Amino acid sequence: MQTHLFIPLLLAAATACGSTSGSDARARSAPTPVVIAVGNIDTVVGTGQRATDPVDGDADGIVDPSIAALEALLDTPMDTLSAADGTLYVIDWNGHKVRALGEDGMLRFVAGTGIEGDACEAAQTEGKCPAAASELNHPTDVFIDGTNSIWIAAWHNSKIKRLDSDGFLQNICGTGNRKFEGDGGPCRDGAGTDLVSFDLPSGIVVDPSGNVFVSDQSNQVVRRIGVDGIVKTVAGHCPGTPGFGCPKGRGYSGDGDPATLAALNNNIGQGTGPHGKIALDSEGNLYIADTINNAVRKVTPGSDGVLGDGDPSEEIMSTIAGTGEAGYSGDDGPAIMAQLDAPTDVAVAADGSVFIADSINGCVRKVDDRGIITTVAGMCGQIGDSGDGGRATEAKLRNPCGVSLDGKGGLYIADALNHRIRQVVLE
C-alpha cells in the first residue's frame with residue numbers, strides 16, 4: 001500500500017526553529033504529488049520554521065488565498081482532525097487559527113484572524129461572527145459533528161465555540177472566566193447570560209447523539225454538554241476553586257470506581273501547555289490522556305451505553321497504559337506496565353487500538369486490542385527533527401502534542417516544536 005499526497009516539493013532545507021514573524025510575499029506554488037510508503041513518515045504541512053502565515057497580509061480585509069502545504073508556516077501546531085471528505089484540519093496553536101488541508105495539497109484559512117483575542121473584527125449577525133473575522137486565543141482541538149459543524153476548544157479563551165456551515169462562528173458555552181462553575185445547569189439562562197466556566201478547555205469530542213465532551217484541563221475534569229443543554233462532570237472531580245485551576249482535584253486515584261470520584265492530574269496556570277485531551281471509541285468509551293499522571297485512562301459507560309446519561313455509579317474509571325511514573329519502558333509488553341512521559345493526546349482506531357502522543361518521550365505509541373504497547377513513530381527518548389521519507393520508527397520528533405487518524409491507514413502527528421504536521425502510513 002502506498003499513499004499519494006499532493007504536496008509541494010521543498011526548494012531548500014527547512015530549519016526546526018526560526019523567525020516568529022511571517023510574510024505574505026511567498027509565491028503560492030502548485031503542489032507536486034509525493035508518495036509515502038507503508039510504515040514510512042513524511043511532512044505534509046509546514047516548513048519547520050517557527051512562524052505563522054497572516055490571514056490578511058496586506059490589510060485589505062480579504063482573506064489571503066490558500067498556500068501550498070509545504071510552504072505554509074506554522075507556530076507550534078497542536079493537533080489535527082481528518083474529516084470524511086478528506087480535509088485535514090490543522091490547529092495552528094500559537095498562530096491562533098484553524099486551517100485546512102484539502103486533497104489538492106493547498107492549506108486554507110478556516111477560522112481565526114491570527115490576532116490573539118476574542119473579538120469579532122467585523123459586524124456580527126445575531127451574535128455570530130464571520131469566521132474570517134473571528135479572533136481566537138490558542139485553540140487546541142476541533143471536532144466535526146453530524147451536521148458538519150466544527151466545534152472548537154478555545155483554550156485560552158476558556159470557551160467552547162462552534163463554526164457552522166453558514167460560515168459564522170459563535171460562542172456556545174463558557175463565561176471566559178477561568179474557574180469551575182455551572183455544573184448541573186445550562187450554558188446560558190433565558191436572558192442569555194453565560195453560567196458555565198471552564199479553565200483551559202483542551203479537548204473536545206461529540207458523540208453520535210450530539211453530546212459534547214470537553215476536557216476541562218485545569219479543573220481536572222471532563223465535562224459533558226448534553227443534548228438537553230445541561231452541563232455535568234463525567235470524569236474527575238473538582239471540590240471547588242476560587243480562581244485558576246483546581247489543585248484540590250489533582251491526583252491519581254479512582255481505578256475501579258465511579259469516574260466522577262476519580263482524580264486526574266493536569267498542570268494549571270498560564271505557563272503550561274495543553275494537557276488531558278480526549279477521544280471516544282465506537283462503543284462510547286472515553287479515553288483520557290492523563291498527562292501529569294503519565295497514564296492513559298478509560299471511562300466505560302454504564303448499562304445504557306451513553307456516558308453521562310445513566311447511573312454515574314456504573315460509569316467506571318480504569319487505566320489502560322502507564323504506571324504513573326514518568327519514563328520510557330515496556331514496548332512489546334502489557335501497556336499498564338509501561339512508562340509514558342507526559343502523554344498529551346489519544347486517538348482510537350476502528351479496531352480499538354489506542355494511539356498515544358507520548359510527548360516528552362518524543363514518540364507515538366500504540367496499545368492494541370490485546371493491551372500490548374509498541375512504538376509506531378519516533379525514537380522514544382531521542383528528540384530531534386529527522387527521518388522524513390524513511391521508516392517512522394527511525395524518525396525523530398520534538399514534542400508531538402497531537403495525534404489523529406483518518407480511517408484510511410493514515411496517522412497524523414502534530415510535531416509541535418518542529419512546527420510541522422507529519423503523516424505515517426500505518427502497516
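## A loop residue, H138

H138 lies in the loop that runs between strand β9 (129-130) and strand β10 (139-144), where strands (E, at least two residues) and helices (H or I, at least four residues) are DSSP runs numbered from the N terminus. This is a predicted model, in which local features need pLDDT of at least 70 and side-chain atom pairs count only at pLDDT 80 or more, while totals for chains, interfaces and linings use all residues. Residues are numbered from 1 along each chain as its sequence is written, and side-chain values use heavy atoms, with hydrogens and water left out.

Is H138 buried or exposed? H138 is buried because its relative accessible area is 7%, given that buried means under 20%, exposed means over 50%, and partly exposed lies in between (1.4 Å probe, protein chains only).

## Positive phi values

Most residues other than glycine have a negative phi. H138, although it is not a glycine, has a positive phi of about 55°, and N399, also a residue other than glycine, has a positive phi near 60°. N399 is found in the loop between β25 (373-377) and β26 (400-405).

Y328 belongs to the loop between β21 (316-321) and β22 (343-348), and it counts as partly exposed because its relative accessible area is 36%. Once its neighbours within four places in sequence are set aside, Y328 is in contact (heavy atoms within 4.5 Å) with Q339, N361, R365, T375 and C380.

The C-alpha atoms of Y328 and D358 are separated by 9.3 Å, with the two residues 30 residues apart along the chain.
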